[in-house]
Amino acid sequence: FASHQGCTRFTEFRRALGTIPPATLVQRLGELESAGVLRRVVRDTRPPHVEYVLTREGLELKELLDALAVWARA
């Protein structure tokens, strides 16, 4: 999950996910935001920067996914 490292911008997700179409990524990020996993933060810069941050629920989900990955490797 690309945002495990902290704030993540759209281009960082694209780079991490490979050949995902931009429209699909926009849709998935919106779904994760609606589900409360990510929070969209618009930085007041020129040009404006949008970042995605894991919410508390997203961090809890990360812990579960990390545990599942450890189990899968065993």
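Strand β1 and strand β3 (residues 49–54) pair in the antiparallel sense, over 2 bridges. Keep in mind as you look at the structure that this is a predicted model. In this pairing, Arg 9 stands opposite Glu 51 in β3.

β3 also pairs with β2, again in the antiparallel sense, through 6 bridges. Here Leu 38 faces Leu 54 of β3 as its opposite residue. β2 and β3 form a hairpin, with 5 residues lying between them.

The two pairings can be set side by side:

| Strand pair | Sense | Bridges | Residues opposite each other |
|---|---|---|---|
| β1 and β3 | antiparallel | 2 bridges | Arg 9 and Glu 51 |
| β2 and β3 | antiparallel | 6 bridges | Leu 38 and Leu 54 |

Now put the strands together. In what order do the 3 strands of the open sheet stand? The order is β1-β3-β2, and the pairing is antiparallel. β1 (8–9) and β2 (38–43) each have a single partner strand and stand at the edges, so one side of each is left without a neighbour in the sheet. As background, strands of a sheet pair through backbone hydrogen bonds, and they do this in a parallel or an antiparallel way.

Next, let's turn to a helix. Helix α2 (residues 22–34) has 13 residues, and at 1.5 Å a residue it should span 18 Å; its end C-alpha atoms are 18 Å apart, so the two values agree. Which residue just after α2 takes a positive phi? That is Gly 36, with a phi of about 85 degrees.

Key
Residues numbered from 1 in each chain as written. Predicted model: local features only at pLDDT ≥ 70, side-chain atom pairs only at ≥ 80, totals over all residues. Heavy atoms only, no water. Pairing = 2+ DSSP bridges. Helix = DSSP H or I, 4+ residues; strand = E, 2+ residues; numbered from the N terminus. Expected span 1.5 Å × (residues − 1).
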